[in-house]
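Please look over the sequence and the model shown here, and then follow the charged side chains through the paragraphs below.

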Amino acid sequence: MLVMAKKRTPPDLSALTRGELEGVVLTLWERLEALESKVAKNSRNSSQPPSSDGLRKTNSLREPSGNKPGAQLGHKGSTLKRTAEPTEAIDHPLLRQCTRSHSTLPLAQSVVAERRQVIDVPASAFDVIEHRTLAVTCGCGQAHVSRFPTGVNESVQYGRNVRALAVHLTQGQMLPYARAAELIFEMMGMSVSPATLLAWICETRLALRGTADLIARQLHHAPVTVRRRIGPARGRQAALA
């Protein structure tokens with residue numbers, strides 16, 4: 001189901017100074033020029049391949065239905081449902097004194113009046129987990145050192161979740177390696193080179209080779225039913241026979 005993006009609410013710029021407003025205008029102007037330059041590029045005026053030109057706009061053959069745009073009358077919409085276990089709960093503090101009598105409020109007796117939940121992606125895009133081995137020396141002089149878990153081989157390395165994300169973006173969503181790396185950086189704040197993504201894909205291909213070969217063998221020996229399309233005339237003849 002296609003989900004349309006909601007229109008953004010414009011920010012409040014009333015508190016900005018003239019210099020800050022000029023900086024915002026210049027930043028937006030530079031972004032506008034960059035976007036217009038990117039849109040105007042094609043295979044004829046740049047080094048981009050013809051496949052990057054996209055599809056040409058065509059006239060729709062669909063006839064107008066006369067209905068208003070959007071959901072029609074009687075359509076059952078869907079709303080966000082409240083979750084029973086939120087990630088974080090923020091209690092907004094009360095005033096210390098009563099607004100009428102100016103007496104000190106019994107804040108220890110306060111209860112939750114209303115709940116509102118905001119669903120959003122986490123601002124902390126990725127975690128860094130440090131693995132540490134421990135060392136101890138026995139009274140007899142024998143030293144003992146613990147071991148790292150399997151797969152933790154380098155002093156600094158990427159985890160399996162970002163590797164799985166890279167495979168999904170390039171193989172599942174069919175994104176080019178450069179665009180997948182750019183998307184990971186914009187969403188996660190993690191800088192990964194396209195060459196690293198390619199290496200992860202090669203490692204995944206080797207790891208799944210046995211499974212892929214097994215599926216191919218099973219498909220090769222599986223019975224296949226071939227259906228032939230029968231035209232209207234031949235279909236009537238077959239029915240009469």
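**Salt bridges in the model**

Glu203 is partly exposed, with a relative accessible area of 45%, and this value, like the others that follow, belongs to a predicted model. The partner of Glu203 is Arg163, and in the salt bridge between them the closest N and O atoms are 2.8 Å apart. Arg163 lies in helix α2, which covers residues 160-172, while Glu203 lies in helix α4, which covers residues 194-207, so the pair ties together parts that are 40 residues apart in sequence. Arg163 is itself partly exposed, at a relative accessible area of 27%, and it falls in this class because the value lies between the 20% below which a residue counts as buried and the 50% above which it counts as exposed.

How many salt bridges does the count come to? The total is 3 salt bridges, and the pair of Arg163 and Glu203 is one of them.

Another salt bridge joins Glu114 and Arg116, whose closest N and O atoms are 3.3 Å apart. Here Glu114 is exposed, with a relative accessible area of 57%, and Arg116 also counts as exposed, at 73% relative accessibility.

There is also a salt bridge in which the side chains of Glu130 and Arg132 meet, with a distance of 3.7 Å from N to O. This pair is within the 4 Å cut-off, and therefore it qualifies as a salt bridge.

Note on methods:
Residues numbered from 1 in each chain as written. Predicted model: local features only at pLDDT ≥ 70, side-chain atom pairs only at ≥ 80, totals over all residues. Heavy atoms only, no water. Buried < 20%, exposed > 50% of the residue type's maximum accessible area, 1.4 Å probe, protein only. Helix = DSSP H or I, 4+ residues; strand = E, 2+ residues; numbered from the N terminus.
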